[in-house]
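I opened this notebook to record what I looked up in one structure. The entries follow in the order of my reading.

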Amino acid sequence: MNYINDYEKLGETGKYKKYILMSKSPRRRDLLSFLKPEIDSIRIDERAIEKICMEKYKDCDFLERASKTCAEIAKAKSDVDLVKDCLYISSDTMVIMDDIIYGKPRDVAEAREMFMSYFGKSHYVVTGVCLRSENYMEVFYSIAEVRFTDYYKALDDVIDEYLKGENVMDKAGAYGIQDLDPRFVSYINGDINTIIGLPVSEVSRRILGE
């Protein structure tokens, strides 16, 4: 599997006076702290983009369809009036399990259903990224595979305690990898920051590497 996949590129990156993170996520802000980004965001209809792109890429396998859709959503999040010498960084993250895109749970029951489905299986987390300036745009997506341990009854209390957390309902797939009890996860293939919300090492390489 290719964990980093190019999607679209126009022009070449340059030197920038300012970086703007098109997300209010504190996790992404912390990951990009070395750039000292300003924070902004716009509203987009993510579900409409998802519907169009999942149809557009219907001949691809499900993970590729979802990944390309994720890339298009990330791209749409930086579709703003561009300011000179600024680089805009936008992203979107999806959880894919059994050919289903897991969004944010609607209630605790759905959060539990999502979470319990992970045990004994692998699922995928995809983060699409768009880097955009006046003369440059680069879109790529990063994939990470997460394998949860086989379920055993002694985990029940730990699972219940996790699902009571206030952040569960605000997370795609009902979890944040940084918040999980270490007993839940058997292994991760790929960049853990893809799961947190931004493959920051790849972002840095593309905009600062020679």
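Predicted model: local features only at pLDDT ≥ 70, side-chain atom pairs only at ≥ 80, totals over all residues.

Residues are numbered from 1 along each chain as its sequence is written, and side-chain values use heavy atoms, with hydrogens and water left out.

Entry on backbone angles. I looked up Ala 174, which has a positive phi of about 70° although it is not a glycine. Ala 174 counts as buried because its relative accessibility is 0%. I found Ala 174 in the loop between helix H5 (156-163) and strand S8 (185-189); helices (H or I, at least four residues) and strands (E, at least two) are DSSP runs, numbered from the N terminus. I then turned to Lys 36, whose phi is positive, near 50°. Lys 36 lies in the loop between helix H1 (26-31) and strand S3 (38-39), and Lys 36 is exposed because its relative accessible area is 70%.

Entry on cysteines. How many disulfides does the structure hold? I found zero disulfides, a disulfide being a pair of cysteine sulfur atoms within 2.5 Å. For Cys 53, the nearest cysteine sulfur is that of Cys 70, 10 Å away. Cys 53 is buried, since its relative accessible area is 6%. For Cys 60, the nearest cysteine sulfur is that of Cys 53, 11 Å away. Cys 60 counts as partly exposed, at 22% relative accessibility.

Methods. Buried < 20%, exposed > 50% of the residue type's maximum accessible area, 1.4 Å probe, protein only.
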